[in-house]
Amino acid sequence: MRKLMLGNEAVARGAYEAGVRVVSAYPGTPSTEVSECIAGYDEVYAEWAPNEKVALEVAVGASIAGARCMACMKHVGVNVAADPMFTAAYTGVNGGLVILAADDPGMHSSQNEQDTRFYARSAHLPLLEPADSQEAKDFTKMAFELSEKYDTPVIVRTTTRLAHSQSFVETADREDVPLRDYVKDVTKYTMMPSSAIGRHIVVEAREKRLAADVDGFDIVREEMRDDSLGVVCSGVVYQYVREALPEASVLKLGIVYPVALGKVREFAGKVKRLVVVEELEPFIEDTLKAEGIACEGKNIFSLQGEFSTAIIKEKLLGVKVETEKKDLPVRPPVMCAGCPHRGVFYILNKLKLTVSADIGCYTLGAQPPLAAVDTVVCMGASVGIAHGFEKARGREQSQKTVAVIGDSTFIHSGITGLINAVYNKSNITLIILDNSTTGMTGHQQHPATGLTLKQEPAKILDIVALCKTVGCDSVRVTDSYDLADLEKIIREETARDGVSVIVAKRPCALLDRNYPPACTVEDCRRCGMCFRLGCPAIEKQADGSAKINPALCVGCGLCAKVCRFGAIKEGRK
Amino acid sequence: MKSNILIVGVGGQGTLLASRILGALAEGEGSDCKLSEVHGMSQRGGSVVTHVKIAPEVTSPIVGLGDADIILAFEELEALRYTDFLKKGGTVVVNTQQILPMPVITGARKYPENIIGELKARAGKVIAVDAAAVAEEIGNLKTVNVVMIGALARSLGVPFEAIDAALKATVKPKLYEVNRVALERGYAYEEEK
């Protein structure tokens, strides 16, 4: 059957057709939909794990137990999963193990632009990179076969443009891949020095065998056209190269690690000029240069951002599309109308606190007019950073510092930071913005929502009890919409010695869309207080007065609370 | 059919559904097609762009600068923001809705005036549709995107039956009826002269 599919959907389809039995993942743009699509197949067990490290460990377990399995994550999730990944390279697999890693050139929805390909080299794992949805499906299937043939986990690397583009895919039936026998083998699966020393030798031998074999892989494809220019590329960049340089000869590397050096040498010998076109780091280019293959690459192209047909035409053909300089107001992403995070950041701004924030929708609290955030680094970092601030600058600093984290991010890796703070006699205040979902990635379940990835009922992690159990000195719960209580509690807890947690609860405004009527304004005194909320539904009129857009307002009533003159009224039910 | 279409708007306006209806249209026609979407952070009320390419064979999934036959804009300012993508003589089908971006809401910037005029100066043809008004008449503000798809389909010369089949293949069955009304109204939309 031929069907339009998202790259992520095609990866899921490929895993399904390959007979995958167990999939574990943590949501992260642009990888999230792989797991959501897999969850639709009844034959496959699929779950959300609290973080990527756990997800990969689950996959490693399932693999050793004999099942084909997959762990999915975005590029920064690979950092979290790196620990089991490096050693799973040593144990190898039983059932095929595929790691889906989605990079984000251009940072559409990420905090950095790191390049997963280096992990492949560093951990000695083969890495495949598809160029469209059909290849996303085919390469994922192939990854399972390679995994079992070479006894290694295999990385399938996508990028945002591949993951979130749709193209046609021919589907096939699911293969019947039986569970392999599990046989206890301490020398293979118990990695302590005595066995790991032996396995390291195996890893190197496997890599040599693979490096020799890749020249014969049909996914390394030479397309000879004009010989004046030869381009080496992979992934979605191949599509841009074909569109920009229809006459150029191309060597398309479907497998990027190990690089098929024999094929590259052969290709280099046939063309007059060899250029590597790759987004992000000069991974392929450096590999070729280390092997003495002369080529160009990052002397022409940027290490930053996404490429396009236009960029390649400009850099290699000198053809530049004229663009017009327009001075238009920007439209950055904003917290939605009714977002429960808004009130918290409004108070943090008002109290002029130093705020270490975290990864999620609430990162948008850094944007004006809320502008309440000082630091954002990685998942879970808010807690450790606030603790570090205190240890560097003392108690006086922690009285004006708070850490802010979402419920899903707290469970992902904030809890360990909190345990550290308690253990090491900190005086930090942590605000957990509990909106009962994983918001930014599109409302995924997590251990505190009561449902699994397959939407089956689950036990509900009690965040308040957890914080008490790890020894926090004070744990208080409030409603994110109750500004007066929020302000009072934040003042009290930052002044209090010891570790404090404030759980600000209110479900994401996009979950249950049964909204009360919109707010209204009458006799606005133009004080401008409501504009400080940064609500997209409150518009500033030419005369400085406020108008509430009824199409956007969800009636949360926050603006009515901040209006000093009572000019804003909550809609009546 | 061969067309490069750039769908622009504000996160939450339903550009994804619009592109998927066009994908289903290509599928029905047996054309090749690639769509490129925006998920994640940018969706939260930010400026969003979805690329739709329909042709006998499509390579790159993104529409390049100066390469769009049509810009389908769900919001006026976003239409103006992306005119560099329009081919010489290309068409802009624009929803005359204005959604104020945060710098305008806070008073730091002014919303540009006479955008339709600015678009006319840059495009071969501008079709202005008050889709929000149509959606309000229908009684479902969420149907703005399908009203716009109706207007686009007519400007492309796509038979109503074909775009209707694409709609039916894309939306959930219980939402088809209201969206079909939106599609009809968009397809039959006459600009005020």
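Which strand order does the open sheet of 5 strands in chain A have? Here are my notes, with that one answered in point 2.

1. **Ground rules.** This is a predicted model, where local features need pLDDT of at least 70, side-chain atom pairs count only at pLDDT 80 or more, and totals for chains, interfaces and linings use all residues. Residues are numbered from 1 along each chain as its sequence is written, while chains are lettered from A and ligands numbered from 1 in the order in which they are written.

2. **The sheet in chain A.** The order is S14-S15-S16-S18-S17, an open sheet with parallel pairing. Strands here are DSSP runs of E, at least two residues, and helices are runs of H or I, at least four residues, both numbered from the N terminus. Two strands pair if DSSP finds at least two bridges between them. At the edges you'll find S14 (354–356) and S17 (474–479) of chain A, each pairing on one side only. On average, neighbouring strands of this sheet are turned by 25° against each other, direction ignored.

3. **Inside that sheet.** S15 (401–406) and S16 (429–434) of chain A run parallel and are joined by 5 bridges; Ala403(A) stands opposite Leu430(A) in S16(A). Helix H14 (341–350) of chain A packs on the sheet and touches S14, S15, S16 and S18 of chain A, its direction making about 155° with that of S16(A). Helix H17 (407–423) of chain A lies across S15 and S16 of chain A, at about 135° to S15(A). For these angles, axes are lines fitted to C-alpha atoms (for helices over the stretch in contact), and values run from 0 to 180 degrees between N-to-C directions. Contact means that the C-beta atoms of two residues, placed from the backbone, lie within 7 Å.

4. Have a look at the open sheet of 8 strands, ordered S1(A)-S8(A)-S2(B)-S3(B)-S1(B)-S4(B)-S5(B)-S6(B), with mixed pairing. S1 (2–6) of chain A and S6 (125–129) of chain B stand at the edges with a single partner strand each, so one side of each has no neighbour in the sheet.

5. S8(A) and S2 (32–36) of chain B run antiparallel, joined by 2 bridges, and Ser165(A) stands opposite Ser36(B) in S2(B). Within chain A, S1(A) pairs with S8(A) in the antiparallel sense over 5 bridges; Arg2(A) stands opposite Glu170(A) there. Helix H1 (7–17) of chain A lies across S1 and S8 of chain A at about 115° to S1(A). Over in chain B, helix H4 (115–122) lies across S5 (86–95) and S6, running at about 155° to S6(B).

6. **The A–B contact overall.** Chain A puts in 44 residues and chain B 42 residues. On the chain A side, the elements giving two or more residues are S8 (165–170), H10 (237–244), H13 (309–317) and S20 (538–540). That side has 23 nonpolar, 14 polar and 7 charged residues, where Ala, Val, Leu, Ile, Met, Phe, Trp, Tyr, Cys and Pro count as nonpolar, Asp, Glu, Lys and Arg as charged, and the others, Gly among them, as polar.

7. **Domains.** Chain A is assigned domain 1 (2–216), domain 2 (220–317), domain 3 (341–505) and domain 4 (520–569); the bounds come from an automatic or database domain assignment. The centres of domains 1 and 2 of chain A, taken over C-alpha atoms, are separated by 25 Å. In their contact, 24 residues of domain 1 meet 21 residues of domain 2. The largest share of the domain 1 side, 4 residues, comes from H5(A). By class, that side divides into 13 nonpolar, 2 polar and 9 charged residues.

8. **Two loop residues.** Cys524(A) sits in the loop between S19 (520–521) and S20 of chain A. With 18 C-beta neighbours inside 10 Å, Cys524(A) counts as partly exposed (buried is 20 or more other C-beta atoms within 10 Å, exposed is 12 or fewer, partly exposed is in between, with C-beta atoms placed from the backbone). Leaving out residues up to four places away in sequence, Cys524(A) touches Ser545(A), Ala546(A) and Ala567(A). Tyr515(A) lies in the loop between S18 (500–505) and S19 of chain A, and is partly exposed with 14 other C-beta atoms within 10 Å.
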